[in-house]
Amino acid sequence: MKPHPFRRTAAPVVASLSALALVACTGGSEDGSDSGNGGGETEAITAEQFEEAMSTPTELTFWSWVPDIQNQVDMFEEAYPEIDVEYVNVGQGAEHYQQMRTAIQAGSGAPDVAQVEYQHLASFRLGGDLLDLTPYLQEDLSAAYPDWVWSQVSADGGLWGIPQDTGPLGSLYRTDLFADAGIEVPTTWDEFAQAAADYREAMPDSYLTNMPGNDPGQFVGLLWQAGARPFAYDGAETVTIDLDSPEVLQVVEYWQGLIADDLVSVDPDFNDQWYQALANGKYASWQVAAWGPVFLQGTAGNTSGLWAASTLPQWEEGQNISGNWGGSTDAVLSSTDNPIAATELARWINVEEAPATRFVQEQFLFPPSLSILESEEFLAEESEFYGGQQVNATFAEISETVPTDDFGWLPFMDFAYSAYNETLGSAIADRGDLVAGLQAWEAELVEYAESQGFTVE
């Protein structure tokens, strides 16, 4: 089984502010306009400029790790016969980003369009390496997405990527194991803790769930749900690192109690042992993003018909709030010589109905656009693996509950996630002091930010 495309083990590869200023690229364009980092600095193109650009023989390079995305590229080339797109997979996650930065710093070899996860957009904006797409679009796309999705790609007056997929968080659970243990699906985190204890007593060789120490994306998604806003970046030189807020501490102390009492396992995820544990019933539930239902079918096929999907437990009874874990955009690099065609490639494959629907039906990405999230065909699909449940409808409803206020990121999330694994993540894996691990994580982030020239708030 291959690692899931949203689970990362990132290496710290972000340069300092001064170094990034030296290597920031400002590419030319078909119309000769500036295509740098500042939102709103370029005049909007006309329909005539768009038609001219898309009917002029042009070569683009596109980097992505989405399986079979060549299908969407072929459809784009059919729609625009004069545009030739070279699709390249240079690696997944950290390797992909390292290759991007190497090419950017070398001043040659960078793609025109690249897949960039939401949490990494800020790091490429920092160096002026992303194009503000706003002037190159022929339509306002903001109403095409839930507000929380749009907030992930728009900042400082600019649009820095076209959403490709998202990962609103829900729960998958084994109906047979819940029944065997005599427990109901918990609707609050207090009920979840009691269910974890009851399940452990009834099923001593397994756990209600697993909390891995090597997956910061999942944990940050749970912070998002709890109302924490641990990170922010002002687009210039100031970052916010707030890991000692009441909301963060609430989540950390909650899982500290479950881990200390051996009520949840702490196995690292996305490895062979974890895949086997999902299949053999070691975990009765998984708090996972909307890409999880399809992923689970390929991992635990022998359990078909025994799973169901629900919302996350809530911190307060009566609430209905989620967070997000994963998801990507297609972004255009500011070094492109063809910003109009590159922007249209990013837009077309993700917005037009045929290629966007294909992402859902063939590549099993969870859609970010309201047109698909609200389509009857998508919502009505029943899954045999989940006992005939309309799982798409469940997660489409969950997507509506992700808070619309901005959830920000640092311009060095690769380092932040790596530091998590060595601090808070290590404390989880060792069943140690999670609060101390949290404090160590925050201290490392503050020290790193200041060493790179950022002001920390």
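Predicted model: local features only at pLDDT ≥ 70, side-chain atom pairs only at ≥ 80, totals over all residues.
Strand S11, residues 324-332, is largely enclosed by the rest of the structure, because nine of its nine residues are buried.

Two partners of S11 can be traced. Strand S3 (residues 113-117) runs antiparallel to S11 and is joined to it by five bridges; within this pairing, Gln-115 has Asp-330 of S11 as its bridge partner. Strand S6 (residues 162-174) also pairs with S11 in the antiparallel sense, over five bridges.

Is Leu-121 buried or exposed? Its relative accessibility is 4%, and because buried means under 20%, Leu-121 counts as buried. Apart from residues up to four places away in sequence, Leu-121 touches Val-116, Leu-130, Gln-152, Val-153, Trp-160, Thr-329 and Ala-331. By contrast, the C-alpha atoms of Leu-121 and Pro-313 are separated by 30 Å, the two residues being 192 positions apart along the chain.

The domain assignment of the chain gives domain 1 (47-166 + 327-374) and domain 2 (169-325 + 383-456). The C-alpha centres of the two domains lie 29 Å apart. Contact between them involves 19 residues of domain 1 and 27 residues of domain 2.

The interior may be considered next. In soluble globular proteins, nonpolar side chains tend to be buried together. In this model the largest nonpolar core has 147 residues, and those with the most contacts inside it are Phe-219, Trp-255, Trp-286, Trp-441 and Leu-445. At least three residues of this core come from each of domain 1 and domain 2. The contacts of Leu-445 illustrate the packing: leaving aside neighbours within four places in sequence, Leu-445 is in contact with Phe-231, Ile-241, Leu-243, Leu-410, Phe-412, Phe-415, Ala-416 and Ala-419.

Phe-219, another of the residues with the most contacts inside the core, is a buried residue of helix H9. This helix spans residues 216-225 and is mostly covered, with 10 of its 10 residues buried. The buried residues of H9 include Gly-217, Gln-218, Val-220, Leu-222 and Trp-224. After H9 comes Gly-227, whose phi is positive, near 95 degrees.

Two helix pairs complete the picture. Helix H11 (residues 272-280) packs against helix H12 (residues 292-299) at an angle of about 90 degrees, with their axes 9 Å apart. That angle makes H11 roughly perpendicular to H12. In this pair, Trp-274, Tyr-275, Leu-278 and Ala-279 of H11 meet Phe-295, Leu-296 and Thr-299 of H12.

The second pair consists of helix H2 (residues 47-54) and helix H13 (residues 339-351), which pack at an angle of about 85 degrees with their axes 9 Å apart. H2 and H13 are therefore roughly perpendicular to each other. Where these two helices meet, H2 contributes Gln-49, Phe-50, Ala-53 and Met-54, while H13 contributes Ile-340, Ala-341 and Glu-344.

Note on methods: Residues numbered from 1 in each chain as written. Heavy atoms only, no water. Core = buried A, V, L, I, M, F, W, Y, C linked by side-chain atoms within 4.5 Å. Buried < 20%, exposed > 50% of the residue type's maximum accessible area, 1.4 Å probe, protein only. Domains from an automatic or database assignment. Contact = heavy atoms within 4.5 Å. Helix = DSSP H or I, 4+ residues; strand = E, 2+ residues; numbered from the N terminus. Pairing = 2+ DSSP bridges. Axes fitted to C-alpha atoms, helices over the stretch in contact; angles between N-to-C directions. Parallel < 35°, antiparallel > 145°, perpendicular 65-115°, else oblique.
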